[in-house]
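Here is a short briefing to read alongside the model.

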Amino acid sequence: MTGPIVTVTLNPAVDVTYRVDVLRPGETVRVPDVRSRAGGKGVNVAAVVRELGGESVVLALTTTRAPDEFRDGLDRLGLTHRLVPALPAVRRTVAVVTRADGTTMLQENGSPAAVTAEADVAAALKAELSAGAGAVVISGSVPGGLGADVPAKLVGLCRRYGVPVIADVSGAALREAAGSGAVLMPNEDELKELAGAGVEACRDLVAAGAPAVVATCGPDGAIAVTARNAWRARPAEVVTGNPAGAGDAGAAALALRLAAAGAVSEVDWRAALADVVATSAAAVLRPVAGEIDVAARARWVRAVQVERMR
């Protein structure tokens, strides 16, 4: 029995999803279907871990004020959490979903964190690691008031405890994390910005110190590269729906594989990559990030084709 998957969300959100028939910029659009939930990439990961039968803990910053809509939202989702009050307010993100145009995302940057936030998050993570975390996923953006190197520092803390960690961050935070010892999980655009495109860019990152790189490629699947091998996996079927949260679902599947293996070197990467792609695709079928179609995922995880790359 492995310990829980601990997800770290430095810039949480309250996610609002509007489903409309047509989005007409400059006009009034009536919204017949509105959903609101506690969000942020790490929250989505934790929710999917639970759907996959695992145990998760949400470690996140939250507001210093009451009422705390984010905390209340986690309670409604039934997610175990350890929260660090360090933000004037929790940001909101809005996803506008139409059948014709797909998903339009509106994302607030968020409020700057308190000067004590870095030390408080590190202390909270240390407590979870001491309690026996199975794996850690550090996800999403870094709010103002925290340095871009904070995710890399948290990776270092995980490594001191011998706990495998995924860094699903972007921009300056991804550059800082690239040599930290985390499994990197960029999307195509993030990979290109950091190191270039495709499998060779992933190999360069592994050569620079990443134990593995899993690059997600949207409807084209994903690539996984370690020091020994490289693989590409493609979805078993063409899937349409809401792609928000697909990468987070893939990170949840990978985190469970890492926790079960105990170390990056012990992971069955062919099976893990198939799981990442199937679980990501299963998330696209659901209207809200942080959910998956469990039956579709179970069907697809056996059907995903994984090929070794040279």
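Predicted model: local features only at pLDDT ≥ 70, side-chain atom pairs only at ≥ 80, totals over all residues.

Residues are numbered from 1 along each chain as its sequence is written, and side-chain values use heavy atoms, with hydrogens and water left out.

**Helix packing: terms**

- Two packed helices are described by the angle between their axes and the distance between the axes.
- Helices (H or I, at least four residues) and strands (E, at least two) are DSSP runs, numbered from the N terminus.
- Axes are lines fitted to C-alpha atoms, for helices over the stretch in contact, and angles run from 0 to 180 degrees between N-to-C directions.
- Angles under 35 degrees count as roughly parallel, over 145 as roughly antiparallel, 65 to 115 as roughly perpendicular and the rest as oblique.
- A crossing is left-handed if the near helix is turned anticlockwise from the far one by less than a right angle, and right-handed if clockwise.
- Contact means heavy atoms within 4.5 Å.
- In sorting contact residues, Ala, Val, Leu, Ile, Met, Phe, Trp, Tyr, Cys and Pro count as nonpolar, Asp, Glu, Lys and Arg as charged, and the others, Gly among them, as polar.

**H1 with H8**

- Helix H1 (residues 41-51) packs against helix H8 (residues 246-261) at about 55°, and their axes are 8 Å apart. That angle makes H1 oblique to H8.
- H1 and H8 cross in a right-handed sense. On the H1 side the contact uses Lys41, Asn44, Val45, Val48 and Val49, and on the H8 side Asp248, Ala249, Ala251, Ala252 and Leu256.
- By type, the residues of the H1–H8 contact are seven nonpolar, one polar and two charged.

**H8 with H9**

- H8 also packs with H9, at an angle of about 145° and with the axes 7 Å apart. The crossing of H8 and H9 is right-handed.
- From H8, Ala246, Ala249, Gly250, Ala253, Leu254 and Arg257 meet Trp269, Ala271, Ala272, Asp275, Val276, Thr279, Ser280, Ala283 and Val284 of H9.
- The residues of the H8–H9 contact comprise 10 nonpolar, three polar and two charged.

**H3 with H4**

- The axes of H3 and H4 cross at roughly 25° and come within 10 Å. H3 and H4 are therefore roughly parallel to each other.
- The H3–H4 crossing is right-handed. Glu118, Val121, Ala122, Leu125, Lys126 and Leu129 of H3 meet Val150, Lys153, Leu154, Leu157 and Cys158 of H4.
- The residues of the H3–H4 contact divide into eight nonpolar, no polar and three charged.

**Salt bridges**

- Side chains of opposite charge can pair when their charged atoms come close.
- A salt bridge here is a side-chain nitrogen of Lys or Arg within 4 Å of a carboxyl oxygen of Asp or Glu. The count by this rule is 13 salt bridges.
- Glu118 pairs with Lys153 in a salt bridge, with the closest N and O atoms 3.0 Å apart. Glu118 is in helix H3 (residues 117-130) and Lys153 in helix H4 (residues 150-160), so the pair ties together parts that are 35 residues apart in sequence.
- Lys153 also meets Asp149 in a salt bridge (3.5 Å, N to O).
- For accessibility, buried means under 20% relative accessible area, exposed over 50%, and partly exposed in between (1.4 Å probe, protein chains only). Glu118 is partly exposed at 29%, as are Lys153 at 42% and Asp149 at 26%.
- Glu200 and Arg203 form a salt bridge with their closest N and O atoms 2.9 Å apart. These two residues are three apart in helix H7 (residues 198-207), so about one helical turn separates Glu200 and Arg203.
- Glu200 is partly exposed at 45%, and Arg203 is partly exposed at 25%.
- A network of salt bridges links Lys41, Asp168 and Asp248.

**Loops**

- Ala66 and Pro67 are joined by a cis peptide bond, with omega about -5°. Pro67 sits in the loop between strand E4 (56-63) and helix H2 (69-77).
- Arg286 lies in the loop between helix H9 (269-284) and helix H10 (294-300), and is partly exposed at 31% relative accessibility.
- Neighbours within four places in sequence aside, Arg286 is in contact with Asn242, Glu291, Ile292 and Asp293.
- Arg286 and Thr7 are 279 residues apart along the chain, and their C-alpha atoms are separated by 21 Å.
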